[in-house]
Amino acid sequence: MQTRKKYIFLTFLASWLLLFLFGGDQLRRFSFFSGRKAEARRNWPRWTDRSLLKSFADTEELQRDGDPSLLSPRERRAAWLSVYGSSRCRMETCFDFSRCEKHGFKVFTYPQEQGQPVSETYGKILSSIERSRYHTANAEEACLFILSIDTLDRDHLSGQYVRNVDEKIRSFPLWNGGRNHLIFNLYSGTWPDYAGDVGFDIGQAMLAKASFDTQSFRPGFDISIPLFSKDHPQRGGDRGWLSQDSVPPKKKYLLVFKGKRYLTGIGSGTRNALHHIHNGKDIISLTTCKHGKDWEKHKDTRCDKDNIDYERFDYQELLHNSTFCIVPRGRRLGSFRFLEALQAACIPVLLSDGWELPFSEAIDWGKAAVVGSERLLLQIPSAVRCIHPERVLAFQQQTQFLWDAYFSSVDKIVHTTLEIIKDRLSPHRSRSRFLWNALPGGLLVLPDFSTHLGDFPFYYLQHGYSPSRKFTAFIRAVSQAGSLSQPILRLIQAVSGSQYCAQIVVLWSCEKPPPSSGKWPQTAVPLTVIQGRRQLSHRFFPFEAIQTDAVLSLDEDTSLSTSEVDFAFLVWRSFPERIVGFPTQSHFWDPEQGRWGYTSRWTNELSIVLTAAAFYHRYYHSLFTEYLPAGLRELVDGLAACEDILMNVLVAAVTKLPPIKVTQRKQHKEAVAQQAECRDRAAGTPPPGQRSPSAPHSAPAEVKGTAGSRRFSQRQNCLNQLAEWFGYMPLVSSQLRLDPVLFKDQVSVLRKKYPSLEK
């Protein structure tokens, strides 16, 4: 018993000795820190290895050594709550989908208040929305609301800063805590930290913001937009500097930068280090200290030399002649330089940590830009040298596509924003990432038409699809007699004789009812008669009766043979994205009149194929009716001779390609008297950046009849109004005509597939 007590005592004593020897130091430290708890709260630890706290602390809450501009977690949270309220919004929690169910995706802009100034840029944004197909003047129909208060510049030092926004928006009956509202913002915060605070409580509103940082960005709810200047064009916009599918020459410089060097404050760290990569040969990195009123107070020893070197190079010349362009952050994360590089086909090398790139929800920037790190600036030259030339070319071509599709005008930036929001409302019918990042772009691909790539005319070659082997003949009848004329009877017989014809659809656009079924000719294919409206634009309505990919659009007085129809259809199957047809017209720039001219003369160039006898893809019916705003279709109906020009302009704007003319045995004549060109005399030059065919040198012919003169004048006015609406002239001229093999060759008629075309 005594021995047992002895062992227990020795074990207890040994335990105390071990605890004192190995745990005493830790106990003393614990007592020390518990005694200075208040000081520990004030001093935030500076961790050198964040991975040690991976499961205990958010790495975004850990401070970096020597960064005085970084806010503490408490300050960041306070700033975040001031902008986004008490909840992190998602579409499911902060958006009322029921408002969009009855009338679809409609956008309402608040009426302009008396005496409330609006900047030129915000005026462009509001105009773009009001010109879009989604705009409604009825707030009860609206799914999305846009404020009339200018919220673009929220720097309180700016002259365009609007005060008391909180009070104003709370007085709006439709505000509803910001639900179903979209707020646009380009500049937020002010000196010295330029935080992302917009200066008022946005509630549950979505934010379309430039220089968005990833910490405050709410994925799937907010939208990051590019920073653009007040001079950015409303519509149209300049084209990129690299032609589509062209190979640019080898450029003089590999990597360039020319811009301001901030001596102090946020953004100065990255720009101050750019001189390290300058080698004066294929890498040019130039900065200047000359900006701001008191730059000389902060100038360093490098400023004088930097300022001299800065003046030796022209910015536009560097932009044109470099493969890569450095796009560092400025005071804010985004800069105008980003869009300038895209347009110039200079691959952006982004040095702006934490920037949520514009439209990143839809655009794959990994195909058009190099995303670098501000901390790894010295590795950028070697990294871009390692990119294979083929990939460089792919990057350059993608920059041009993205610029033209989404960034070249305010209209495209705003419409892209709206389309991304619309896609969120119906995820099962939204555009895939492929559609956003491939020609012709997400704005021109309607998911309501189809979500299958094979149903569109643009992706056949890329994915091995092919259009259907049959076509639908679509004949528009406008005769006021109420009976069938001989031309339409002959036309039906010729078209139905084609081996590729699947059906004939007649759009009866007459006031009198169509003839009974017994009076229509017997054909080998189904014949359907649809009662149409008098509007000319109605001929391009997406009728359910049209089931084939190919549509042969015809006027009732068109004269075609079966051989002509067969050959034209085979040509169209090789070019399903274009208009392929028989009668052609052309446009030209008249320098004396200073406007676009229209001619029906036979010349060596063509840019319009009349839809009186033309093949095209049925998707263009949906694009014509659903993509174009109602005001543009009303313009066409008002001019009464413009619908085929608008269809040609639309297809050219989508494809950037001209139509194709095929062989025709007889010259097409329009229903009115033969037209001739009629040009006025004035002075002018074509809009910048647009290539135009030359005006015909022959003297204008006499216009036969008042009706012909009026129709020709309407078509020319139509052409100019469409160019004004689009912001540029989309039509593309061509000198190509396709004929059958051995056409008019001196060989045996038995060897020719279409001998009747020569008669």
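The accessible surface of the protein comes to about 37,300 Å², and carbon and sulfur atoms account for 52% of that area. These values are computed from a predicted model, in which buried residues make up 51% of the 759 residues. The secondary structure of the protein consists of 22 helices and 23 strands, and among the contacts with a separation of 6 or more, 75% are between residues 24 or more positions apart.

**Strands β18 and β19**

- Strand β18, which covers residues 584-590, pairs with β19 in the antiparallel sense, and the pairing runs over 5 bridges.
- Within this pairing, F588 stands opposite G597, a residue that belongs to β19.
- The two strands β18 and β19 form a hairpin with 4 residues between them, and in the turn G594 has a positive phi of about 75°.
- Strand β19 covers residues 595-599, and because 5 of its 5 residues are buried, the strand is largely enclosed by the rest of the structure.

- V741 is found in the segment that comes after β23, a strand made up of residues 737-738.
- With a relative accessible area of 70%, V741 counts as exposed, because a residue is called exposed when this value is over 50%.
- V741 and Y754 are 13 residues apart in sequence, while in space the distance from C-alpha to C-alpha is 8.8 Å.

Methods:
Residues numbered from 1 in each chain as written. Predicted model: local features only at pLDDT ≥ 70, side-chain atom pairs only at ≥ 80, totals over all residues. Heavy atoms only, no water. Buried < 20%, exposed > 50% of the residue type's maximum accessible area, 1.4 Å probe, protein only. Pairing = 2+ DSSP bridges. Contact = heavy atoms within 4.5 Å. Areas by Shrake-Rupley, 256 points an atom, 1.4 Å probe, with all protein chains shown as cover.
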